[in-house]
Amino acid sequence: MSRRPELEDSIVSAVRRMSEGRDVAIAFSGGLDSGLVAGLAARYARSVHLYTCGTANAYDVVAADELSKRLGLPWTHVKLTTGNIGQLIVELMSATGVTDPFTVSYELQLFSVCRECPEDVVLTGQGADEYFMGCAKYVGRTPEAYDSLVRAGKDRLREVSIPCELAIASHFSKDLRYPYMDPEVIAQAEALDPEELLPRDMDSRKAVLKDVARDLGFDCLLDRRKKSSQYGSGTTDLIRAVARERGMRYNEYIDSLRGAAASGLPMSGRGSVVDARVDSVLKAEAERIIREGGMDPSAVIEAVYRRIVSDGDLRSVR
């Protein structure tokens with residue numbers, strides 16, 4: 001017998017409405033939230049494909065690979081590397097106008113998935129942490145502190161995360177859908193006794209959502225352990241590593257990428273990285289001149305390549 005039939009029905013109805021008869025991509029972390037969305041979508045969608053963004057062997061990547069097999073759904077690893085993360089951050093900033101280092105670190109995963117997937121409809125587990133208490137910061141809090149954290153989390157979700165994500169979706173012409181943000185799901189979640197939601201320890205986080213997953217036949221989701229996306233994906237560690245290579249701190253490196261994003265030049269959604277070595281002094285001086293001229297190094301390199309192709313030889317660069 002279902003423990004919470006109204007909540008269960010609202011989640012199933014939301015996923016069904018958002019996926020039925022469609023080719024659907026799931027922004028998939030390998031955790032409970034996106035796992036439940038994926039499992040339900042597979043019952044109604046024409047096709048479901050899972051996408052996980054992260055570094056090689058990142059926590060989320062390993063978990064997602066394993067869970068995709070248990071769900072029997074196709075899966076793609078959208079890779080973050082030292083060679084592409086800077087360009088991806090520039091593209092994210094350019095597409096959304098968001099330059100806050102913290103927001104960049106946890107929205108880069110969705111950006112990369114939308115950039116990669118061919119499906120027009122993208123489902124995400126966003127909102128589950130805020131409405132079913134999935135964050136570690138909620139554990140063991142007094143009722144007063146808990147209420148304050150919940151309000152702040154929901155405010156940030158509505159005022160920062162969702163606007164950024166909708167800008168990402170618009171940039172790639174995707175229809176981004178949030179089952180856990182469906183009005184009926186939110187109504188059912190907010191009708192629950194706060195005592196049911198307040199986690200006593202790390203293992204009791206999202207206990208209500210685990211009950212729903214169990215009642216719907218997804219026992220494979222009950223043991224999922226999740227990190228915040230910027231850590232589970234390896235994004236934060238990768239950015240720190242790249243920053244160190246350049247003799248910068250984390251925030252300084254993010255700030256150094258704002259110039260390219262602020263140029264206002266359109267960025268190619270599926271551009272390739274050019275791997276080339278040039279004299280470091282020459283590079284710095286050339287990039288200074290390029291930026292003073294209001295352009296971006298990527299655009300200049302692309303223009304040179306186009307000229308070579310147009311000429312059919314190397315006359316224009318000799």
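Reply: Start with a definition: buried means under 20% relative accessible area, exposed means over 50%, and partly exposed lies in between (1.4 Å probe, protein chains only). This is a predicted model: local features need pLDDT of at least 70, side-chain atom pairs count only at pLDDT 80 or more, and totals for chains, interfaces and linings use all residues. Residues are numbered from 1 along each chain as its sequence is written, and side-chain values use heavy atoms, with hydrogens and water left out.

Now the salt bridges. The term means a side-chain nitrogen of Lys or Arg within 4 Å of a carboxyl oxygen of Asp or Glu. The structure holds 20 of them.

Take D237 and R240. Their salt bridge has its closest N and O atoms 3.8 Å apart. Both residues sit in helix α12 (residues 235-245). They are 3 residues apart, about one turn of the helix. Helices here are DSSP runs of H or I with at least four residues, strands are runs of E with at least two, and numbering starts at the N terminus. D237 has 47% relative accessibility, so it counts as partly exposed. R240 is partly exposed too, at 38%. Elsewhere, salt bridges that share partners join R3, R4, E196, D211, R214 and D215 into one network.

R16 and E20 form another salt bridge, with 3.2 Å between the closest N and O atoms. R16 is partly exposed at 39%. E20 is partly exposed at 42%.

E91 and R115 pair up as well, at 2.8 Å from N to O. This pair links distant parts of the chain. E91 lies in helix α4 (residues 85-96), R115 in helix α5 (residues 101-116), and 24 residues separate them. Both E91 and R115 are buried.

Now the wider chain. It has 16 helices and 5 strands. Buried residues make up 48% of its 318 residues. The largest nonpolar core has 87 residues. Such a core is a set of buried Ala, Val, Leu, Ile, Met, Phe, Trp, Tyr and Cys residues joined through side-chain atoms within 4.5 Å. I11 is among the residues with the most contacts inside this core. A contact means heavy atoms within 4.5 Å. Leaving out residues up to four places away in sequence, I11 touches L36, L40, Y180, V185, L209 and V212. Among contacts between residues at least 6 apart in sequence, 77% join residues at least 24 apart.
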